[in-house]
Amino acid sequence: MSAIKDGLIITKRQLLQLSRVPEVLIFSTIQPVMFVLLFRYVFGGAIDTPGTDYVQFLMPGIFVQTVAFTLATTSVGLAMDMTKGLIDRFRSLPIARSAVILGRTLGDATLNIVVLLVMAITGVVVGWRPSSGIVSILAGFLLLMLFGYAMSWIGILIGLSVRDARTANNLVFLIVFPMTFLSNAFAPTTAMPRVLQYFAEWNPVSTMVAACRELFGLENAFGVTAGSFPSENPVLMSLVYIAIIMAILVPVSVAKYKRTSSK
Amino acid sequence: MNNAIAASDLVKTYPKGKVKALDGLSLEVEEGTVLGVLGPNGAGKTTCVRVLATLLKPDSGSATVAGVDVIKNPDQVRKLIGLSGQYAAVDETLTGWDNLVMFGRLYHLSNSQAKARATELLEQFKLTESAKRAITTYSGGMRRRLDLAAALIVRPKVLFLDEPTTGLDPRGRLDMWDAIKDLVAGGATLLLTTQYLEEADQLADDIIVIDHGKVIANGTSDELKAQVGGEKLEVTVAPSSLLATKAALELITSHEAQVDEQFNRISIAVAGGSAALSDVVRALDGRSIEILDLALKRPSLDDVFLALTGHVAEIEEEAEVKPKGRRR
Ligand SMILES: Nc1ncnc2c1ncn2[C@@H]1O[C@H](COP(=O)(O)OP(=O)(O)OP(=O)(O)O)[C@@H](O)[C@H]1O
Ligand SMILES: [Mg+2]
């Protein structure tokens, strides 16, 4: 209980940072917005999405990619803290050991709310029209937040494991880019070689994208794995993935944090 | 009297590097006193502080702070101590005010208590004017002062200060000394590490000298200086006056003088510092010996080491370029 209370103070610190250095917030929203515009107008004409126009197909993909990059936000932020003496002060305070990382994940989740909001508005401006109704749409965003939160916990482990923030950043790009491109996020998987399709369609990013498409009122098309459990139940499957990630990563990260000294 | 800090036989080997950073270190600090931990780069000072401040578990040995076991009961210890590490540990992007309020909240002060305390501490450390500026705009000395302020939020009984003046200019160092003296006057127990004998001399009741993770000497600053041979006077004269000067100096101080013919310099141990200085000037003047240069040399850490170990403190290669972050 006190871990949450202390954690919220750490979260507040992060939000204060954002207000003191607003560039961070600006850049973390500009990038996804740029992605929306690039894909919408540069690739939009070239990628064939049967049954719907590309922007409807694209937006869930970009949403998922963006929250997947919470991995970077969290790991880089934590790695930066760890390389400074600040973490020593936190560790010498009479607070719960998990408070620092709990606070960071909550802070990054808050940042995600802002980013998703800005992206959604941009999407609507360029023609995105979710057609499912308000409850489903909100459920979609809730799922995105949950996924981002799970990613944040992977980010904690990475932030604690790497030598410095730059390594964290490079590592995250090595993970997230293949994960998002080997998925149904930007183009239907059906154009991929068969073997890749299996990977792509079981990929949590794909089930997340499929789940969001469904919740935003779009038919989702799977290729070779059509009829499989993930393709039939993307929302459930995404929740299962999130639950698995959290169940493993939360205890592992907390334990790792307790063991890691900052030097 | 009770010991506010006690450590016995601490051993710590870092997994990477295989250096024994602490090699059977023991120390005791009486309540309300100041212990200066003196040592060169890599001696184990920071490691010692980190163990006592519950940031690092030793491989073996035991330690108590205010009677509480550091290893078995770290949470309890954290409520009692303040720590100001070797590198200022504050959030750089936030303002001084933000930092102090945040730490106050983390010490479980109420919002208004935390703010009141922040105002008080900023005042005390002459930071009120820069309270609303980001730490990135602070000078090194201001950062150290803010860091110390953060360590004092709940008026801890036991304080650990790791090289509080390293990197400060003489002015900043004096300010920091004043702040530390105030704390001591307020009754805090303090463990302070430093590379400067002079600093330990100014601030500490007792001093331990450590090297390679071991205590190689301990005592009050006077006792240590006596071991080192205390202060030295260096007199430079014309080559023709060397012998006469030597005789005069030995007569006054009843010590043996060393003559450095290359630099026409004579050095001799003196007791009584500046008083001896004027005696020497008068005596040489009386003999019409012209003094070309005169210097009173206080023993440095190097002298202490030279006297204790027969070699000058080895400064580790990393000393100059040591990264601010973690070493792995
Ligand atoms: N995280 C670490 N991993 C491996 N070796 C370490 C680590 N931290 C310190 N050491 C080593 O342990 C020894 C003692 O280091 P420590 O930092 O305690 O020295 P110090 O007296 O504080 O030195 P300085 O004056 O440079 O701050 C050194 O040889 C150092 O290289
Ligand atoms: Mg040190």
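**A guided tour of chains B and A**

Begin with strand 1 (residues 3-13) and strand 4 (residues 60-65) of chain B, which pair in the antiparallel sense over 5 bridges. The model on display is a predicted one. Within this pairing, select B:Ala6 together with B:Thr64, its bridge partner in strand 4 of chain B.

Continue along chain B from strand 4 to strand 5 (residues 68-69); these two strands run antiparallel and are joined by 2 bridges. B:Val65 has B:Val68 in strand 5 as its bridge partner. Strands 4 and 5 of chain B form a hairpin with 2 residues between them. In the turn, select B:Ala66, which has a positive phi of about 50°.

Next, display the open sheet of 6 strands in chain B, whose order is 6-7-8-3-9-10 and whose pairing is mixed. Its edges are strand 6 (81-84) and strand 10 (214-219) of chain B, each of which pairs on one side only. From one strand to the next, the twist averages 15°.

Inside this sheet, select strand 3 (residues 34-38) and strand 9 (residues 206-211) of chain B, a parallel pair with 4 bridges. Here B:Leu35 stands opposite B:Asp206 of strand 9 of chain B.

Helix 5 (residues 140-151) of chain B touches strand 6 and strand 7 (158-162) of chain B, and its direction makes about 165° with that of strand 6. Helix 6 (residues 170-185) of chain B also packs on the sheet, with strand 3, strand 7 and strand 8 (189-194) of chain B as the strands it touches. The direction of this helix makes about 155° with that of strand 8 of chain B.

To view chain B as a whole, colour it by its two domains: domain 1 (3-80 + 156-225 + 309-321) and domain 2 (231-297). The centres of these domains of chain B, taken over C-alpha atoms, are separated by 37 Å.

Finally, turn to the second largest pocket, which holds about 930 Å³ of space. Its lining comprises 36 residues, and the closest to the pocket centre are A:Val24, A:Ser28, A:Thr73, A:Val76 and A:Leu111. To show the surrounding elements, select helix 1 (2-20), helix 2 (22-43), helix 3 (54-68), helix 4 (70-83), helix 6 (99-125) and helix 8 (165-181) of chain A, each giving two or more residues to the lining. Helix 4 of chain A supplies the largest share, 7 residues. Colouring the lining of this pocket by residue class gives 16 nonpolar, 13 polar and 7 charged residues.

Key: Residues are numbered from 1 along each chain as its sequence is written. Chains are lettered from A and ligands numbered from 1 in the order in which they are written. This is a predicted model: local features need pLDDT of at least 70, side-chain atom pairs count only at pLDDT 80 or more; totals for chains, interfaces and linings use all residues. Side-chain values use heavy atoms; hydrogens and water are left out. Two strands pair if DSSP finds at least two bridges between them. Axes are lines fitted to C-alpha atoms, for helices over the stretch in contact, and angles run from 0 to 180 degrees between N-to-C directions. Contact means heavy atoms within 4.5 Å. Domain bounds come from an automatic or database domain assignment. On a 1 Å grid over the protein atoms alone, a cavity is a set of points where a 1.4 Å probe fits but cannot get out, and a pocket is an open set with protein on both sides within 12 Å along at least five of seven lines; lining residues have an atom within 4 Å of a point. Grid points are joined across faces, edges and corners, and a volume is the space filled by probe spheres set on the points. Ala, Val, Leu, Ile, Met, Phe, Trp, Tyr, Cys and Pro count as nonpolar, Asp, Glu, Lys and Arg as charged, and the others, Gly among them, as polar.
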